Amino acid sequence: MGIGNGSSNGNQQSSHKEIRDETAPLLPVKVEEEEGFHEFNGASFSGAVFNLSTTIVGAGIMALPASIKMLGIIPGILMIIIVALLTEASIDMLVRCSHQGKITSYGWLMGEAYGQWGRIALQTSVVINNIGVLIVYMIIIGDVLSGTTSAGVHHRGILEGWFGAHLWNSRAIVLLATALLVFAPLVSLKRLDALKYTSALSVALAVVFVVITAGIAIIKLFNGTVAMPKLLPELDGLSSIWKLFTSVPVLVTAYICHYNVHSIDNELEDRTQIKPIVRTSLFLCSSVYIATSFFAYLLFGEGTLDDVLANFDANLGIPFSSVFDDIVRVSYAAHVMLVFPIVFFALRLNLDGLLFPTSRHISRDNKRFAIITISLLMAIYLAAIFIPSIWDAFQFTGATAAVLIGFIFPAMIILRDPYAIATKRDKILGVTMIVLAIVSNAVALYSDTINIFRKKEVA
């Protein structure tokens, strides 16, 4: 699936830099004619891989073990691989069309294919998806550090466990400190490449979680204290078949990174690198997902919770269990903190595009940049304080906005084919993606809705 547009590499880079200087999102402009300053020379391959990988690996990793529990080892791992391949194909559709049309944003591309309403639909979907994701991230941080109460049972947070319950480590204060001391400095940066080191650390922290989980599972396997996980799903009627589809939104959400692909591509010196960058990132993230899902399910078996992080709030049955519990939770909370600014970048960019579609780029208007940044941080903080749990809402987001961003919109663009580059294979794949996305997520929404009403009836 080639990404180039057929022109020479030199012309590609030249035209790319020309567009990038004028319209590229989240890119530094050439500093005003002052001696000693120079133009940004382009993001590195490794930096781009880490930024895209960090966009992919977020809260979804914690829900994947529960999906494996539902689907079984074999179908679950196959689904992770299939969704990764479909994600690569959908990103390739976006990038090829964008390069052919010299377009530097997803919203602009949707606007070229479907007019103003196409652009608005895309930007609205990104705003809905990313706000939901960021609220979930902040809730997770609050749960891990300050604790949470569910069904009358209080689960102590790390700070509460270490120092006892105090005002300074309450949920509201801890999240406020996180927003001011961690999020505010990172989201104030105007270039994604500036986050390459925090992104690398974020990926490393996700790997720490995988290594610890795998190590504990292997030790318990040799000790004979873990049960053999089921390889295939247990089906005992039509309702159990419908329930399997509820794993689809989780898998879809786990790979949504499309809203940052253009920002990363725009910062590259050589635009032809985007294809290997995408493939490398998807391979890295898929490996992390498969390892996490397999070993976490092996470790906790049928006791695997919807948010597997909650399983690390108990005795793991090994020496120094409490130490490993704390390491896992601290590393994941830090991972989420470092993912936050990557997702926030695309949220701010698309919200600005909705509110000020004809204004100059937000990175060149410091006042607008500051107002939107502060407003979004405040809204996300307040939502995380007053919404106790939005995992059900997160599933609905994955079945709607996320699937639009990741699969339906790219397929619609390639089917409209505004630059006459789509092959017969592209169009067959596009139709297939739309049908699969609509059917599977419609069933997932139906099943989720039924489950919610059943829970209310039982309560």
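# Helix packing and buried sites

User: In which helix does Val-49 lie?

Analyst: Val-49 sits in a helix that covers residues 45-56. Helices here are DSSP runs of H or I with at least four residues, strands are E runs of at least two, and both are numbered from the N terminus. The helix that holds Val-49 is α2.

User: What kind of model is this?

Analyst: Residues are numbered from 1 along each chain as its sequence is written, and side-chain values use heavy atoms, without hydrogens and water. Local features need pLDDT of at least 70, side-chain atom pairs count only at pLDDT 80 or more, and totals for chains, interfaces and linings use all residues, as this is a predicted model.

User: Is Val-49 buried or exposed?

Analyst: Buried means under 20% relative accessible area, exposed over 50%, and partly exposed in between, with a 1.4 Å probe and protein chains only. Val-49 has 7% relative accessibility, so it counts as buried.

User: Which residues does Val-49 contact, leaving aside neighbours within four places in sequence?

Analyst: Contact means heavy atoms within 4.5 Å. Thr-280 lies 231 residues from Val-49 along the chain, yet their C-alpha atoms are separated by 6.9 Å. With neighbours within four places in sequence left aside, the contacts of Val-49 are Ile-277, Thr-280 and Ser-281.

User: At roughly what angle do α2 and α13 cross?

Analyst: Axes are lines fitted to C-alpha atoms, for helices over the stretch in contact, and angles run from 0 to 180 degrees between N-to-C directions. Angles under 35 degrees count as roughly parallel, over 145 as roughly antiparallel, 65 to 115 as roughly perpendicular, and the rest as oblique. The pair α2 and α13 is therefore roughly perpendicular. Their axes come within 9 Å and cross at roughly 100°.

User: How do the residues in the contact of α2 with α13 divide by class?

Analyst: Asn-51, Thr-54 and Thr-55 of α2 meet Leu-338, Val-339 and Ile-342 of α13. Ala, Val, Leu, Ile, Met, Phe, Trp, Tyr, Cys and Pro count as nonpolar, Asp, Glu, Lys and Arg as charged, and the others, Gly among them, as polar. The division is 3 nonpolar, 3 polar and no charged.

User: At about what angle do α7 and α13 pack?

Analyst: Helix α7 covers residues 171-187, and α13 covers residues 321-355. Their axes are 9 Å apart, and the packing angle is about 55°. That makes α7 oblique to α13.

User: Which residues of α7 and α13 make the contact?

Analyst: The α7 side supplies Thr-178, Val-182, Phe-183, Leu-186 and Val-187. By class, the contact of α7 with α13 has 10 nonpolar, 1 polar and 1 charged residues. The α13 side supplies Met-337, Leu-338, Phe-340, Pro-341, Phe-344, Phe-345 and Arg-348.

User: How far apart in space are Leu-175 and Ile-385, C-alpha to C-alpha?

Analyst: Leu-175 belongs to α7. Its relative accessibility is 0%, so Leu-175 counts as buried. Beyond neighbours within four places in sequence, Leu-175 contacts Met-138, Ile-141, Gly-142, Tyr-381, Ala-384 and Ile-385. Leu-175 and Ile-385 are 210 residues apart in sequence, and their C-alpha separation is 8.2 Å.

User: How many disulfides does the structure hold?

Analyst: A disulfide is a pair of cysteine sulfur atoms within 2.5 Å. The sulfur of Cys-285 has its closest cysteine sulfur in Cys-257, at 7.8 Å, so it is too far for a bond. Cys-257 is buried at 0% relative accessibility, and Cys-285 is buried at 1%. The number of disulfides is 0.

User: What is the phi of Phe-320, about?

Analyst: Most residues other than glycine have a negative phi. Phe-320 lies in the loop between α12 (274-300) and α13, and is exposed, with a relative accessible area of 64%. Phe-320 is not a glycine, yet its phi is positive, about 60°.

User: Near what value is the phi of Asp-417?

Analyst: Asp-417 lies in the loop between α15 (391-416) and α16 (424-458). Its relative accessible area is 16%, so Asp-417 is buried. Phi is positive in this residue, which is other than glycine, and near 50°.

User: What share of the residues in the protein is buried?

Analyst: The secondary structure comes to 16 helices and 2 strands. The protein has 459 residues, and the buried share is 53%.
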